[in-house]
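Hi everyone, thanks for coming along.

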Amino acid sequence: MASVSVPTEGRSRGLFRRPTATTGAWSWITTVDHKKIGILYGVTAFAFFIVGGTEALLIRLQLAQPNQEILSPSVYNEIFTMHGITMVFLVVMPLSAAFVNYLVPLMIGARDVAFPRLNAFSYWAFLFAGIFIYSSWFLGGAPNGGWFGYAPNAVLDPTRGMTFYAIGLLLAGVASMVSAVNIAVTILNMRAPGMTLFRMPVFAWMSLVVQFLLAFSLPVITVALVELLFDKRFGTHFFDSVAGGDPVLWQHLFWLFGHPEVYILVLPAMGIVSEILPVFSRKPLFGYQFVVFSGIAIGFIGFGVWVHHMYAVGLGPIANTAFGISTMIIAIPTGVKIFNWLGTMWKGDLTFPTPMLFSIGFVSMFVIGGLSGVTHSVVPSDYQQTDTYYVVAHFHYVLFGGSIFGLFAGMHFWWPKVFGRKLSEGLGKATFWTMLVGFNLTFGPMHVLGLQGMPRRIQTYPEELGLTFYNLVSTIGAFTIAVAVLVFLVNVVLTQRKPRGEDADPWDARTLEWLTTSPPPEHNFDEIPTVHALDEAWHRKYTETEDGHVLPVPAGGSGSEPAHGGGHAIHMPSPSYYPLVASLGLLFFGYGLIFSWWLAGAGAVVLLAGLYGWALEPSAE
Amino acid sequence: MQEPVAVHAFESEHEDTSTGLPNTKLAMWIFLASDVLLFGALITSYVVYRGRSVVGPYPNDVFDIPYTSVSSFVLLASSLTMVLALSSIQRGDLPRMRLWLLATALLGLTFVGGQVYEFTTFYEEGLSLTTNLFGTTFYVLTGFHGTHVAIGILMLLSVFSLSFGGQITQRDSLTVELVGLYWHFVDIVWIVIFTVVYLVPTGP
């Protein structure tokens, strides 16, 4: 490990010695290394992906035929609510966070994030939030009011489910908020020499935009959830119309967060695809600045469109029209990106390994989801579509066909960097094609079902409505997706059995992370690279002749960083127990809010003790 | 970049950052920007529900504006002592810094004490968290602010105590500056809350 030289001058004022394990379970539990934390995020999120996917399969089983009773109405409510919460907060957000954590420091030429221990804290708080929400199944019923938790239904529901929802999302919000500040500071402050903002890879840019979206949207949902929690636990009247309150306030607060959240979910995938398409087109990204500024524009406009989730509430024609227009406007920067990706591939020297296939899958599926999204911006049309399966089809094309395809592209692309082994191409392509077919079979027919009037969130449907055929197709599609995920898992298991030995740069790629070894050393780079251009790694390998031909740089001037030598004087931050302690305190506090004030008090004490131990521990052992 | 790499990854005071701002300071600014939206949403909830309570007591029945003005003045004065504490440590004058930190914390405590007294009085006059919309929105908004002040006091007292163990020295003036940023922010938020909640008339 790199931390061979132990600094002796560290002011020894910690309560305990800092943990030092570099292998084994403790090294993971106490790690503050952004790469290990990235892997933890990825593994945890994928585990939740399987759980959330199983819930989806249960939903599809229930709906495969009319008048089925596989799930009772109340269990059905719990299942679809948990499916939504899981996929949004416990899968796509943390899976994106896995990429952000692992890649951003490497891409900008940093040794770690700005606050490594806060990073560990974010992970543990997220994990505990997930466990907290899922423990509700055993502690009086899971959340059952939809991931949007509309009042007054959420308040009046007699079970504890929506209380778990409120506190669980608050805990997850703390995790995301801390991480947002951390990553934003990292990107703004920790760039390698010469890495100006406009030499950053698009993925780093999209990550930065996402952190600001998180920082400015999470406080709003925090207030909404606190109000919901107070209404449920203390009998306040925020959403109580009898006392003069207004349930619509919940909707405003929720969607003021909820719409930026959509971009929080999709922008990282857009960043991933913007990295992959140029590599396999062997061309620079077409219109880099346009892609970056479109991302920023999406970030800004994303805060001004939330009412399109609420047309049917009856806010009046002026509000609806204004938000309809802003919703149409946000399609412009999104469209700009689509054309930039097409422009990147245009006349490129294309190859089609799995990451490229998933990226092209992303672009094409996202176009479908984007177009059906534009149809929602039209108020009269949306009146017809609200609460039907058309909406379900739309957002799955965006969040599955978009985000999940992008994330799968990223997994196949960076797997050799992270684990030193390439995923099998054959199985990878099988995953892609099975998933593409399954995905379209599942969600394509939902457009038709929605336009035929099939409502969302209803446990079953009568036979006479003629909805059976497409529902059955959709169920078959869902199981096809499950097969694709299974193939991916087999691929992972087989790949991880192979010996390591991947090149630093197996794809002949363009960004800094490919300059270091695969997997990277703990300190990332033996020598921090000095950056001279966008696509720095590419420019170190290739040069352009005067007539525009690309030539490899002659030997000696090129290539990856030396794998040996130099790395020994670099000591990285020591691992720490305190992020785990503090987040455990947070978890106890969460349970205490439901079950006992003593537990809440104990949780607060543990949290505080963790924070003090954290602040006082020596910087290295 | 051979030598300073070791500190690069640490949460250190002496960093060579891309923007020139220390990491912790940038982090605090982003957090405070985010906190603006937290209070924004809380104040919005209060404003949306102004005058919509269906039963009393109403704001005019319970507010004692001269009293709250005094406690507001106390809180605002604490921003001055906070600045003096920072300027002391930047000059390396630890005893003065301790004095001003303690003064800031005491002024903050006076404010929170005043808020506790105010809440108690309101409660005795029949306004609880659950009485009406006014009680609901008022207590949650001002309670959130009071919690922010209390956390600030905890930070002030922590820095105060640590300075005796030699853990806060002139090199650590950034720590005091960060606490100060937070403290001033909480003060500014109170100006908005005081104006919106107490001073803007609710009408009949």
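Before I count anything, a word on terms: helices here are DSSP runs of H or I with at least four residues, strands are DSSP runs of E with at least two, and both are numbered from the N terminus. Please keep in mind that this is a predicted model.

With those terms, chain A has 18 helices and two strands. How far does its C-alpha trace span along the principal axes? About 75 × 65 × 45 Å. The radius of gyration of chain A is 25 Å, which agrees with the value near 25 Å for a compact globule of 621 residues. Of those 621 residues, 56% count as buried. And if we take the contacts in chain A with a separation of 6 or more, 82% of them join residues 24 or more positions apart.

Let's zoom in on one pair of helices. In chain A, α7 (residues 202-234) packs with α9 (residues 288-301) at an angle of about 10°, and their axes are 9 Å apart. The angle is under 35 degrees, so α7(A) is roughly parallel to α9(A). Residues of α7(A) that take part include A:W205 and A:F212, while A:Y288 and A:I296 are among those from α9(A). This contact has 10 nonpolar residues, two polar and no charged.

Finally, where the chains meet: 39 residues of chain A and 36 residues of chain B form the contact. On the chain B side, α1 (5-8), α2 (23-48) and α6 (133-162) each supply at least two residues. The largest share comes from α2(B), with 14 residues. By type, the chain B side has 21 nonpolar residues, 12 polar and three charged.

Definitions and conventions:
Residues are numbered from 1 along each chain as its sequence is written. Chains are lettered from A and ligands numbered from 1 in the order in which they are written. This is a predicted model: local features need pLDDT of at least 70, side-chain atom pairs count only at pLDDT 80 or more; totals for chains, interfaces and linings use all residues. Two residues are in contact if their C-beta atoms, placed from the backbone, lie within 7 Å. Ala, Val, Leu, Ile, Met, Phe, Trp, Tyr, Cys and Pro count as nonpolar, Asp, Glu, Lys and Arg as charged, and the others, Gly among them, as polar. The radius of gyration is taken over C-alpha atoms; the globule rule is 2.2 Å times the number of residues to the power 0.38. A residue is buried if 20 or more other C-beta atoms lie within 10 Å of its own, exposed if 12 or fewer, and partly exposed in between; C-beta atoms are placed from the backbone. Axes are lines fitted to C-alpha atoms, for helices over the stretch in contact, and angles run from 0 to 180 degrees between N-to-C directions. Angles under 35 degrees count as roughly parallel, over 145 as roughly antiparallel, 65 to 115 as roughly perpendicular and the rest as oblique.
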